[in-house]
Amino acid sequence: MRLPYYPGCTLKTTAQNFEESALASARALGVELVELPRWNCCGTVHALAKDDVMHYLAPIRNLIRVEEMAESGLVDEKRVVTLCAMCYNTLKRANAVVKEDQEKMQKVREIMERENPYGGSVQVVHLLQVLRDLDWSKVADRVERPLKGLRVAPYYGCLLLRPRGFGIDDVDNPQVMERLLEALGAEVVNIPFKTKCCGAYHTVQMKEVVAELSHRILDQASSAGADMVATACPLCEYNLGPRQEEVKKLFRGFAPLPVVYFTQLMALAFGLEEATGFEQNDPDPRPALRARGLLKEES
Amino acid sequence: MMDDEVEMVTIYVMGKRHRVPAGLTIMKAMEYAGHQFRRGAGCRGGFCGACATIYRTKGSYKLQGALACQKIVEDGMYIAQIPFSPAEKKTYNIEELRPDAGVFLEYYPEIARCLSCNTCTKACPQDIMVMDYVQAALRGDVEEAAKLSFDCIGCGLCAVRCPAEIVPYNIGQLARRLYSRHIVGPTEHVLKRVREIEEGRFDEEIEELKTLDREALQERYETRERRL
Amino acid sequence: MSPEPSRLALRFKPENASFKAKVAELSGEEIDLCFQCGACSSGCPLTAEMDLLPSKVIRYVQLGEEAVLESKTIWVCSTCFNCEVRCPRGIDIANVMEALRQLMLRKKYDRVSLDALEPEELRGLPQIAIISNLRKLTA
């Protein structure tokens, strides 16, 4: 199955490990994620003001690429797969708005001028949905190295779940990452704040605030005995991971906790160690994985 | 020349009406109409980017960009020159930079404001995919940004049109510098030519040129143009 | 924040109608549906940084009080939609916050100055952070 894949900017830089592990794991399950040609930044976040047209150009342009791709036979479906939670939300919501609002669709077409008109035939999904549709037993069957004994706290954040009608799972108690982790053989650690905000883009100019919010989430995970947190968003990963430097400054005695992408754990369990990219994570999750016997000792 | 001998068209330069011969470039038409260029004219050959001009044609809402030395006047054209686009050019030591997305965000963080509206591409007189190279830079694809922006002559029309206040030509220039310094490195033919210059291979010709008077220089220049 | 909440007359003044209508139009939300239960405020992860609780912001808008534009709250909101899923009246409070931000941004107000950000810091941040930040907080 060849599906169109929209990476988004960050997947090419600080979240390369997310992309690499996702592509390899999907391939192992028979899903070929084919990158969109000539994609542009989705312009995250979704334009909420009702009279906004300009901010629809970026997401819709990408959806036009998906239609073009399908037309030229590069992919089998017009279901575009995203990895980044914010790209997912931005593309999905823009798609829904222009399909509903013909006047807006028309304006977008007129301003774009040089593009093929968007036919509205694209469906925006997140990789977690694709995996769920495959069936968890298929994922479990592919596992070569079960993540036995690894205690993982899934963290969803905001835009995979909210607002209502745009999430990939139940808005109050999502289970999709839990099911995946179980299929991989890991032990799920439930934290009440798995859907609370990490502070998102405030990390640029209010990093102390982000550190406060991240600390609450990380502290819950640590207290519940998690070895690491799993996420599906490069901004959550940054705020919960590298921003622990700021958390340490605010909270004495804070013990670092690794934060990984769910796809990295999938790649590990599938025996695709070269595609895990754990060396890019900060804090380093490898000591915790070694402690559980899931990675070889450092040579 | 009289109106009945040559086909004439009407143009409006900064709102003032002029009758000028059809077939002239905007630059020549403006000179015909009595304008003297102190800024906004350079090589007159479409290479230097000094004569950026915006215009609208009769009956069209479209605001278009052109090089005055290249674009032929049309009847009913409204013309304004933009000889300079105010933009800060950052100072950096290319040797110390790494060719990745971070470098663009460090020096020109406003690229994160790109709306993908493509207005820059529509404004570009060189038909460059400006939005595409800005987007490539944003995701750290230095090679793509360098290659797509290769024909940029820095006329500045993209920068005055960008609603996100990005200066695309600065991004392209940084991408090309990073690409040539850190990705391809110095090429053999450039190194060879630098060696030749250092060895004095062209000294004699330069000395000869210095002795020529204006007419002789002009003759040489024009012969060279024909040879090309 | 002015005027002081305590001194704010809890009575809708007809001259405030246009501001209220503008917010309703930009946000697409029916603001009078709110009955001030406070569920949005109780679920908001960022109230510690706010000068007005989200529910109070809605109250200001109900009253058409333009002073709400001076509130820090509208900029502290990170658009996480926790309030949206909690509101029993179906108001998307995040949309209202966005409308209020837009009213400021469209008057050439920048909440974040790009020029003031440290180049070293910018270099290390993921694009997703800068893109969404500038999208939300600059004109």
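1. Let's start with a term you will need: a residue is called buried when its relative accessible area is under 20%. Keep in mind as you read that this is a predicted model. Now look at strand β3 of chain B, residues 52-56: four of its five residues are buried, so by that cut-off the strand is mostly covered.

2. Which strands does β3(B) pair with? One partner is strand β4 of chain B, residues 64-67, which pairs with β3(B) in the antiparallel sense over four bridges. To find this pairing on screen, go to B:Ala52, which stands opposite B:Leu67 in β4(B). Strand β5 of chain B, residues 77-81, is also joined to β3(B) by four bridges, and these two strands run antiparallel. Here a handy landmark is B:Thr53, whose bridge partner in β5(B) is B:Gln81.

3. Next, move to chain C. Chain C is divided into domain 1, residues 5-107, and domain 2, residues 112-139. Where they meet, five residues of domain 1 of chain C are in contact with four residues of domain 2 of chain C.

4. How much area is buried between domain 1 and domain 2 of chain C? The value is about 440 Å², with carbon and sulfur atoms giving 52% of it. On the domain 1 side, C:Trp75, C:Glu98 and C:Leu105 supply 73% of the area buried against domain 2 of chain C, more than any other three residues.

5. The interface between the two domains of chain C has one salt bridge and two residue pairs in polar contact. Helix α6 of chain C, residues 93-105, gives the most to the side of domain 1 that touches domain 2, with three residues.

6. Now for the contact between chain C and chain A. This contact takes 39 residues from chain C and 43 residues from chain A. Together the two chains bury about 3,500 Å², 61% of it on carbon and sulfur atoms. C:Val85, C:Ile128 and C:Arg135 supply 19% of the area that chain C buries against chain A, more than any other three residues.

7. What polar links join chain C and chain A? There are four salt bridges and 19 residue pairs in polar contact. In one salt bridge, A:Asp52 meets C:Arg135, with the closest N and O atoms 3.9 Å apart. Several helices of chain C give two or more residues to this side, including α1 (17-27) and α5 (82-86). The largest share, 10 residues, comes from α8(C).

8. Finally, turn to chain C and chain B. Here 11 residues of chain C meet 14 residues of chain B, and the two chains bury about 1,100 Å² between them, 59% of it on carbon and sulfur atoms. This interface has two salt bridges and five residue pairs in polar contact. The side chains of C:Arg123 and B:Asp100 meet in a salt bridge, at 3.0 Å from N to O. Both α7 and α8 of chain C supply at least two residues of the side that touches chain B, and α8(C) gives the most, with four residues.

Conventions. Residues are numbered from 1 along each chain as its sequence is written. Chains are lettered from A and ligands numbered from 1 in the order in which they are written. This is a predicted model: local features need pLDDT of at least 70, side-chain atom pairs count only at pLDDT 80 or more; totals for chains, interfaces and linings use all residues. Side-chain values use heavy atoms; hydrogens and water are left out. Buried means under 20% relative accessible area, exposed over 50%, partly exposed in between (1.4 Å probe, protein chains only). Two strands pair if DSSP finds at least two bridges between them. Domain bounds come from an automatic or database domain assignment. Contact means heavy atoms within 4.5 Å. Buried area is the accessible area (1.4 Å probe) that two parts lose on being put together, summed over both. A polar contact is a pair of N or O atoms within 3.5 Å; within protein, one must be able to donate a hydrogen and the other to accept it, and residues adjacent in sequence count only if both atoms are side-chain atoms.
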